[in-house]
Amino acid sequence: MKALEEKINNEGRVLSGDILKVDNFLNHQIDPIFMNEIGKEFAKLFKNENITKILTVESSGIAPAVLTGLQMNVPVVFARKHKSLTLNDNIYSSDVYSYTKQTNNKISINKRYIDENDNVLIIDDFLANGQAVLGLLDIANQAGANAKNVGIVIEKSFQKGHELITQKGIKLESLARIASLNDGKVTFE
Ligand code: 5GP
């Protein structure tokens, strides 16, 4: 998505550890008009997949997920993150290692909001090593839902998430694909 690449070039900042900061429009301040364009793009890419529900993880996935849900006219469910979890029969949960925070989190979704009738589209802000998406896929599988589609706003293609997801036969669409962040410079694929 050309407009996204331009926005990353103009407003993104590269930090050490291969982290791209886009707090200006995605991760802290949100540009709703631009996020709506992102929603339109995902809706176009997945329009033939009979999606019934969008899944994401709090908090940075929520903005692109909601605007995609608005365009596709389907509900959006975000998994909650917990440091530890007391035993609870009403939730599906999965362990996710956070790339940016270098901590383990449990993510969970209440059983009320996902079931075997759902055909889910997973949306997230970034794809790095794929742990957040794999956690959501795990939850969808536990619920017996169909999960064959993933939409990512910014993929860091030099990390291993892309391969981990596509090798499962999943359709992965990333709106910007970054080949490297070397020397503080963003190079797209
Ligand atoms: P993964 O689970 O694919 O290893 O990492 C994806 C998650 O880590 C995303 O949900 C995002 O919140 C965070 N993340 C990974 N890399 C970056 C990055 O370069 N910049 C920002 N802002 N977040 C990132």
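A polar contact here is a pair of N or O atoms within 3.5 Å; within protein, one of the two must be able to donate a hydrogen and the other to accept it, and residues adjacent in sequence count only if both atoms are side-chain atoms. The model is a predicted one, in which local features need pLDDT of at least 70 and side-chain atom pairs count only at pLDDT 80 or more, while totals for chains, interfaces and linings use all residues. Residues are numbered from 1 along each chain as its sequence is written, and side-chain values use heavy atoms, with hydrogens and water left out.

**The ligand**

| Residue | Atom of the residue | Distance to a ligand oxygen |
|---|---|---|
| Asp 124 | side-chain N or O | 3.0 Å |
| Asp 125 | polar side-chain atom | 3.1 Å |
| Gly 130 | backbone N or O | 2.7 Å |

Taken alone, the ligand exposes 500 Å², and the protein buries 88% of that; these accessible areas come from the Shrake-Rupley method with a 1.4 Å probe, and for residues only the protein chains shown count as cover. Around the ligand there are 16 residues, of which Leu 20, Asn 129, Gly 130, Ala 132 and Lys 156 come nearest, where a residue counts as near if one of its heavy atoms lies within 4 Å of the molecule.

**The annotated site**

An unreviewed UniProt entry places the feature "binding site" at Ala 128, Asn 129, Gly 130, Gln 131 and Ala 132. The lining of the largest pocket includes Ala 128, Asn 129, Gly 130, Gln 131 and Ala 132. UniProt positions are given in the numbering used here, feature names are shortened, and annotations may be inferred rather than shown by experiment. A pocket is an open set of points, on a 1 Å grid over the protein atoms alone, where a 1.4 Å probe fits and protein lies on both sides within 12 Å along at least five of seven lines, and lining residues have an atom within 4 Å of a point.

Ala 128 lies in the loop between β7 (119–127) and α5 (131–142), and Asn 129 is found in the loop between β7 and α5; helices (H or I, at least four residues) and strands (E, at least two) are DSSP runs numbered from the N terminus. Ala 128 counts as buried because its relative accessibility is 11%, and Asn 129 counts as buried at 18%, given that buried means under 20% relative accessible area, exposed over 50% and partly exposed in between (1.4 Å probe, protein chains only). Leaving aside neighbours within four places in sequence, Ala 128 is in contact, meaning heavy atoms within 4.5 Å, with Tyr 99, Lys 156, Gln 159, Lys 160 and Gly 161.

**Backbone features**

Most residues other than glycine have a negative phi, and most peptide bonds are trans. Asp 18, which is not a glycine, has a positive phi of about 60 degrees; Asp 18 lies in the loop between β1 (13–15) and β2 (19–21) and is partly exposed, with a relative accessible area of 28%. Gln 102 has a positive phi near 50 degrees, is placed in the loop between β5 (91–97) and β6 (104–110), and is exposed, with a relative accessible area of 59%. The peptide bond from Glu 58 to Ser 59 is cis, with omega near -5 degrees, and Ser 59 has its place in the loop between β3 and α4.
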